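Have a look at the model first.

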Amino acid sequence: RITVRLVKGAYWDSEIKRAQERGLPGYPVFTRKANTDTSYLACARVLAGAADVIFPQFATHNAQTVAYVIELMGEEAGAFEFQRLHGMGEELYEQVIGQGYACRVYAPVGPHEDLLPYLVRRLLENGANTSFVNRLVDARLPAEEVVRDPVQDVDQVRPAAHPRIVEPERLFAPERRNSRGVNLADGAELERLKRSCEAAARESWRAAPIIGGKTGDGAAVTLYNPALEASAVGTVIQASPEDVSRAIAMATAAQGVWDARPAEERAVLLDRAADLFEERRAELIARCVLEAGKTLPDSVAEVREAVDFLRYYASRAREQFGEGAPLPGPTGERNTLRLRGRGVFACVSPWNFPLSIFTGQVSAALAAGNAVLAKPAEQTPFAAALAVEILHAAGVPGDVLHFLPGDGGTVGTALTGDPRVAGVAFTGSGATARTIERRLAERPGPIAALIAETGGINAMIVDSSALPEQVVLDAVASGFNSAGQRCSALRALLLQEDIAPRVLDLLAGCMDELEVGDPALIATDLGPVIDRESLAMLEAHAAQLVARSRWYHRAPLEPGVARVGRFFAPLAAEIESLGALEREVFGPIVHIVRYRARDLDALVDALNAKGYGLTLGIHTRIDGVAQRIAARARVGNIYVNRNMIGAAVGVQPFGGRGLSGTGPKAGGPHYLPRFATEQTLTINTAALGGNASLLTL
């Protein structure tokens, strides 16, 4: 017979959090304890009905559940067993064993540092006010209440869901609706997504300039799938300098009317666009997979982030761009501060987030009342083209939003050199940001606004109290997710020397399990890097790194996979000191440095001295250490005991300082005002013949 262990409610709070983060339509677990208890009884009945092939093991400390199982299983004491945790339920099971029923006692085994998280978890679970163990020792509760039948509770309680645990869709209510995710663990849902993506991928994609709502024709360039270089993805028509100039002229003429529209109207259009993004989710996912080499989970997350940007900036526009905020002043006078659009904004987005960052920049500029010139990265124009098409379909006027695909030397130079452009939103390399800054400074006319978000030498500091297994999972996700092609990705893993050997051993084992290959397959963990130039740079750096490293490990890469696409096997290598890491290496390479506990402050100072300040991870079980590092670090986003990628819109506003960007943070409350100018309106109400507010006192 097959042995089956039945246990209830373990880690259900983690499932709740994951479902909220992933925007699932509901929860994969019950949100009321009575439902969990009732489900346990139902599962016990199923096991009892298959006693010829299953030997059930009932893990519980609940007396009511024990009584039910004994009644259910009858007199055949040897047909099943109970299980309890060492140190718990001893009095209960003295009675059970005395009646001839078997009970297996299980206990965690290992050193203190491994057992501590487990024991804390058990204390939290059994200390909860709904726990039977907790209720049993509460002298105020009558015995009948402690052993109350959960089926009766389920019958009496409506609704079935817990009213204080909101559905994932309503996580950010009433401000906005949470973006809708895909449950990739659901085979049927995954199959539907796969069919939709395959249908979208069979289309012949074309991205061309869209100026004033009309598509232009020009020089054509064919782009290829980075995971399968022999496969063409589509054709992009490059915008010419004349196209750029014409788009600027039309945008300049249209901006005033767009800015004069009430913020509520602009917000409605962005909300409508968000709904259309979700309706055409499969098409957008397919483009992220095929043109950018992003895995299915990353592509789903990219579409969700774009939707979140649209809805978040719509809600911010309603709040910040309305009638204006009243200011204090003398009696007989009314003072108001309000925000207005700057004019024409150029939005220059990167290839590593071809949809979400593109949409975030564009939607913010539109929400603030600007006309927009949108330039996607030359490697990834197709997702951006579809985004613009959807925004136009949602009602954004064609003369307000223009799409200008092309290379930086042509389109970027024309945009940043034109004095009619009032501001630039840019995400990309620090070198390009400096070029844009110089171009804006050299041109005549008003001083333009520059919102730049660049990369960083992002580190994760791990002290000896950290849980090694969690460190490794978070380091692998932070360093290798999206093939390391995130500006927030982990570049330097800083390990306290006491814990380093264990972490490195686990890290090597985890890396051996990584699947590098076709991003369209759900089993794939890492897709390709973006182009051959990036691949050559990474291989050259890897060769130098391995030659001088104290320890290194590289994930496996099948030769057949490497031959057909731009794939790089993830690498982790130990270097002598943080000083040996002189620049950001944009790809799946993690540099490892050991440090002594007494050098922690000096380590943070050395990180600060690099001049970057984007993301920082901290792994420690000592809250004082986390607070100490966070207070000392000059960095934009700090993550404690979790991975350091995937900032959520409105939850973890994203952006750095120093060499990592100008701020303000994207997806945060201070972002839209940077796209705006401020205007004060002062009205002397007493000039109308008297100060009515005083005369009526």
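At 2% relative accessibility, Phe 80 counts as buried (under 20% relative accessible area; exposed is over 50%, partly exposed in between, with a 1.4 Å probe and protein chains only). This is a predicted model, so local features need pLDDT of at least 70 and side-chain atom pairs pLDDT 80 or more, while totals for chains, interfaces and linings use all residues. Residues are numbered from 1 along each chain as its sequence is written, and side-chain values use heavy atoms, leaving out hydrogens and water.

**Aromatic pairs**
- Searching the whole structure turns up 13 aromatic pairs (Phe, Tyr or six-membered Trp rings with centres within 6.5 Å; planes under 30 degrees apart are stacked, over 60 edge-to-face, the rest tilted).
- Phe 80 and Tyr 101 are a tilted pair, because their planes are at 35°, with ring centres 5.8 Å apart.
- Tyr 101 is buried too, at 8% relative accessible area.
- Phe 345 and Phe 675 also make a tilted pair, with centres 4.7 Å apart and planes at 40°.
- That pair bridges distant parts of the chain, 330 residues apart, and both Phe 345 and Phe 675 are buried.

**A cluster**
- Phe 345 and Phe 675 belong to one aromatic cluster with Phe 309, Tyr 312, Tyr 313 and Tyr 671.

**Charges over rings**
- Lys 294 lies over the face of Phe 353, 4.4 Å from the ring centre (NZ of Lys or CZ of Arg within 6 Å of the centre and within 35 degrees of the ring normal).
- Over the ring of Phe 568 sits the charged end of Arg 554, 4.3 Å from its centre.

Key. Helix = DSSP H or I, 4+ residues; strand = E, 2+ residues; numbered from the N terminus.
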